[in-house]
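Me: I am new to this structure and would like to learn how to read its features. Could we go through them one at a time?

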Amino acid sequence: MSTDLTANPHARTELHRYAEALLANLAADATCSTIPTPTSSTKVPGYWLSPAVEALLLLLRGQDALEPLGRAAKLDERRTALFLCLALALCGQGDRIHASWMGIAFGELSLDRPVSHGQRALWLAAAQGAYGPAGKIFVLRKLDAVAVPSRSEPARWLSALTPHEPSMVVPPSLVDFPELAEFPELAQPVQAAAQLSRLLGRCTEITTTRTGAAGRTACALWSADETLAVLRGLVRPERAVRGPERPEKPLTEHLLDDLRPSSDPALAAIALHVAAPIVRTAAECLAQATQVAPPESVSISLLGHRVTLRPEGPDPESMAAAERHIAVEGVQTRGRPWLAYALLALAATALVVAAVTPVTLPAAALAVLLAAGGAHQLWSRRRRERADAEYVTKQLSELRELADGAVWALHEYAREADKRAQGATSDLAELTRLLRRGPRAG
């Protein structure tokens, strides 16, 4: 029913002011001891808010409000129900609402439409227990009625539940060979088992954490703020904050936000209940990923050379090729020791000269020096060749040791894989039990 509020703008303004003052008092004083008294100027015929405020005042005093409720519902049933549900929740008297009001105020949810601010405010208030167990059950049923596909982007749901995952998980068997942990065939089962364990921990936290009865949690304050914002938008639609400042988000986005570690436990429990089919499907995929058998062979770089490792040991052909490369690369290519030969030849010539000349001492001394220089050149060359041989021997020994160690690491990884698969199966069973139990209504 349309209402021409321009017929009496003064009464409209007074009604809006009174309603805003009433809401502010309800938000500040849950005992309702400072409720302002309405005046005759707040009566606006044909406008739903006037009888709705009258009904709210009667309900707060514990009196019968059937007559003004009927008038307000005839003018705008949905806004009246939403106004009363949120206003009574704001002052802690949500148990006074009628069961039918929640259905009228909440409406229907859909994956194709964003969740309205009114629906989200009722959702938050119910999660915080504003309407008792019945209110929480009502919201759960409304959310359950929206069939979220069980394979709806499980990666997004896992990321919301277990954010900040490590880039790589190195199992104990591969600590000495972390490059092996980078192979997808070896890394994926380990990553899957670790993520499944974190997922179980997060779901356990959600299903076992309970907010304290005393005090108001941060989410309760947020719920009150959201409730008050929606109520003010009902009272003065022209002042309702919309657009980028308060966007309406799809149902899936609200559920993902509620599952994050920073969310309130009550909201997280409801969101986990709704997303249970998706979480269960994702957990089953993770558990299945841990059942993958280790590969029959792995090619790894050892000392800069590719070596194929098999369960029975390093591949002989790849090991032989690596050893040949080490032998070739470890020995420096050298030509003939021409300088040493030249010095020795000159020393021989100097000796001949010393033998045929009357003055033998200078030539003999020169021959000794040249012979010493040539001998030093040959000795230095021999020392370098011996050092190269020792280096090659050391590299070959280290290569064999690393290859054998990597093979044993793969054997240990295979033993861990059996335990990892058993642990994942146990985690999946426990997670399934938690998801079946669902959130408590109380």
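Me: Is Asp 258 buried or exposed?

Reply: Buried means under 20% relative accessible area, exposed over 50%, and partly exposed in between (1.4 Å probe, protein chains only). Asp 258 has a relative accessible area of 2%, so Asp 258 is buried. This is a predicted model, in which local features need pLDDT of at least 70 and side-chain atom pairs count only at pLDDT 80 or more, while totals for chains, interfaces and linings use all residues. Residues are numbered from 1 along each chain as its sequence is written, and side-chain values use heavy atoms, with hydrogens and water left out.

Me: Which residue forms a salt bridge with Asp 258?

Reply: A salt bridge is a side-chain nitrogen of Lys or Arg within 4 Å of a carboxyl oxygen of Asp or Glu. Arg 120 forms one with Asp 258, and their closest N and O atoms are 2.9 Å apart. This pair links distant parts of the chain, with Arg 120 in helix H5 and Asp 258 in helix H10, 138 residues apart. Helices are DSSP runs (H or I, at least four residues), numbered from the N terminus. Arg 120 also counts as buried, at 5% relative accessibility.

Me: How many salt bridges does the structure hold?

Reply: The structure holds 15. Among them is the pair of Glu 20 and Arg 236, with the closest N and O atoms 3.0 Å apart. Glu 20 lies in helix H1 (residues 9-28) and Arg 236 in the loop between helix H9 (218-235) and H10, so the pair ties together parts that are 216 residues apart in sequence. Glu 20 is partly exposed, at 23% relative accessible area, whereas Arg 236 counts as buried at 10%.

Me: Which residues of helix H4 are buried?

Reply: In H4 (residues 99-106) they are Trp 101, Met 102, Ala 105 and Phe 106. Their arc around the axis is only 115 degrees, so they lie on the same side of H4. The arc is that of the directions from the helix axis to the C-beta atoms. These buried residues pack against helices H2 (49-60), H3 (66-90), H5 (117-127) and H6 (132-145). Contact here means heavy atoms within 4.5 Å.

Me: What span should H6 have?

Reply: The expected span of a helix is 1.5 Å times one less than its number of residues. The 14 residues of H6 should span 20 Å, and its end C-alpha atoms are 21 Å apart, which agrees. The buried residues of H6, including Phe 138 and Leu 140, pack against H4, H5, H10 (251-259) and H11 (265-274).

Notes:
Helix = DSSP H or I, 4+ residues; strand = E, 2+ residues; numbered from the N terminus.
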